[in-house]
Structures are given as structure tokens and as C-alpha cells.
Amino acid sequence: MALLSEADRARIAEAIAAAEAQTAAEIVVVVAARSAEYRFVPWLWASLAALIVPAPLIFLTILAGFEIYFIQLAVFLALFLALLHKGLRMALTPGWAKREAVRDRAREQFLARGIGVTAGRTGALIFASNAERMVEILVDDGLAKGLEAGVLEDAIGAIAGGIRAERAADGFVTAISRLGAAFARLAPPRPGDRNELPDDVVTL
């Protein structure tokens, strides 16, 4: 199911415009369906299961070696094929792997969207990955220097809480408002300031 509706995306775009009206910062929101395919997961769990299966069969049964081998092979194939299902694969993907994938995708989008080349280096990315239910916020040097402790964590918490409550748009709007206020203190509007990056939510 999509994380945001068309109306939700419009609300978020309005929140970005309102936040940017009080700061020279540029806020970009990117929402991905997932950050990676985790193709290693079927191989990982199927291989581990296949390695574990022979031990109890050897010590607790009188099966011949070739019979144990075919059972081992059947377990590997059955688990591998089952984990080709995206939902099951996602459920069995380790948390550290999801977190790393989300961070990598966020860094990729930070560069791809030109967030690191704004005037004054005041770009900020809010990246949310739907399947992983994880959020990453990246800010450029012009905002990172002097940013109060806990600002990014509070914004991430607002979005994550909104997602858990199935009110994702509310979480984004709250986070953007908080970030806008924090950025306004660090990077107030400049004379002739222009909107360098689009306010519309990017969906991947």
C-alpha cells in the first residue's frame, strides 16, 4: 500500500513551501517503495538451514548419507523459493541490513537531487522508505554546522510515529515545520533568495 495519497503529497508540498518561506534552506522529501531488493536473503537463510539440517539427521536417525543429502537439498530449495516472495524476504531481512540500505539510498538521492549543490550549501533531504518503515534525514554543511542536538532525531521520530499511526502525512508536516523553524535560525532568508529545488514529494 502506498505510504502517501495524492492529497497527502499536496499537504507536504504546502508544508515545505511554508517552511522555506522563513529560511534559505531547501527541503526535499523523497519517499521510496523500498530501498533495496535484499537478494542475498534467500541465499543466506536457505544456506544456513541447509547447513543445520544434516546434524540432527545424522545423530538421531539411521538415514543413509544420500538420503540426508537429498533432504538437505530439498530444504535449501524450498526455503530459497519461499523467500523469493518480497513480503517474507523483507520480514527475514536483518534490521542492520535494512538500515544500511536506507542510508545508502538516502545518500544516493541526496546527490541525485542536487541537494548538495545549493547556494550556501543549505539543502536538506527527508528520505522515507515504505517497506522498511525507516526514515533518514541528511543536511548539507550550511545547516549541519550549528544545528541543535536532537533536531533531526525529533523530526525522524515525528515521521516514524505518523507512519506507525497510519497518519504519515501528519508526521511529515510536523517534522517539516520543526525543521523549518530550526533552519530559520541557522539560515535566514537571503536577499533575492529563490526556490532552487522543487517542493513536490518525489516518489520512487
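**Figure 1. Pairing of Glu 26 with Gly 123 in the sheet.** Glu 26 has Gly 123 of β2 as its bridge partner. The model is predicted: local features need pLDDT of at least 70, side-chain atom pairs count only at pLDDT 80 or more, and totals for chains, interfaces and linings use all residues. Residues are numbered from 1 along each chain as its sequence is written, and side-chain values use heavy atoms, with hydrogens and water left out. Strands (E, at least two residues) and helices (H or I, at least four) are DSSP runs numbered from the N terminus. Two strands pair if DSSP finds at least two bridges between them. β1 and β2 run parallel and are joined by 7 bridges. Val 30 stands opposite Phe 127 of β2.

**Figure 2. The β2-β3 hairpin and the order of the strands.** β2 and β3 run antiparallel, with 6 bridges between them. Ala 128 has Val 135 of β3 as its bridge partner. The two strands, β2 and β3, form a hairpin with 4 residues between them, and Arg 133 in the turn has a positive phi of about 55 degrees. The open sheet holds 4 strands in the order β3-β2-β1-β4, with mixed pairing. β3 and β4 (202-203) are the edge strands, each pairing on one side only.

**Figure 3. Burial of β2.** Buried means under 20% relative accessible area, exposed over 50%, and partly exposed in between (1.4 Å probe, protein chains only). In β2, 7 of the 7 residues are buried, so the strand is largely enclosed by the rest of the structure. In a regular strand the side chains alternate between the two faces of the sheet. Both faces of β2 are covered: Gly 123, Leu 125, Phe 127 and Ser 129 are buried on one side, and Ala 124, Ile 126 and Ala 128 are buried on the other.

Figure 4. Contact means heavy atoms within 4.5 Å. Axes are lines fitted to C-alpha atoms, for helices over the stretch in contact, and angles run from 0 to 180 degrees between N-to-C directions. α1 lies across β1 and β4 and runs at about 160 degrees to β1. α6 packs on the sheet and touches β1, β2 and β3; the direction of α6 makes about 40 degrees with that of β3.

**Figure 5. The largest nonpolar core and the surroundings of Phe 183.** A nonpolar core is a set of buried Ala, Val, Leu, Ile, Met, Phe, Trp, Tyr and Cys residues joined through side-chain atoms within 4.5 Å. The largest core has 35 residues, of which Leu 4, Val 29, Ile 126, Phe 172, Ile 176 and Phe 183 touch the most other members. At least two residues of this core come from each of α1 (6-20), β1 (26-32), β2 (123-129), β3 (134-139), α8 (151-164) and α9 (168-186). The most come from α9, with 8 residues. Leaving aside neighbours within four places in sequence, Phe 183 is in contact with Thr 23, Ala 25, Ile 27, Ala 124, Val 139, Leu 143, Leu 147 and Pro 188. A second, separate core of 12 residues includes Val 30, Val 102, Phe 127 and Leu 197.

**Figure 6. Salt bridge between Asp 170 and Arg 11.** A salt bridge is a side-chain nitrogen of Lys or Arg within 4 Å of a carboxyl oxygen of Asp or Glu. By this rule the model has 10 salt bridges. Asp 170 and Arg 11 meet through their side chains at 2.8 Å, N to O. Asp 170 is in helix α9 and Arg 11 in helix α1, so the pair ties together parts 159 residues apart in sequence. Asp 170 is partly exposed at 23% relative accessibility, and Arg 11 is partly exposed at 36%. A network of salt bridges links Arg 11, Arg 167 and Asp 170.

Figure 7. The side chains of Arg 89 and Glu 37 form a salt bridge at 3.4 Å, N to O. Arg 89 lies in helix α5 (residues 86-91) and Glu 37 in the loop between β1 and α2 (40-52), so the pair ties together parts 52 residues apart in sequence. Arg 89 is buried at 8% relative accessibility, whereas Glu 37 is partly exposed at 25%. Asp 141 forms a salt bridge with Arg 121, with the closest N and O atoms 3.7 Å apart. Asp 141 lies in helix α7 (residues 141-144) and Arg 121 in the loop between α6 (95-112) and β2, so this pair ties together parts 20 residues apart in sequence.
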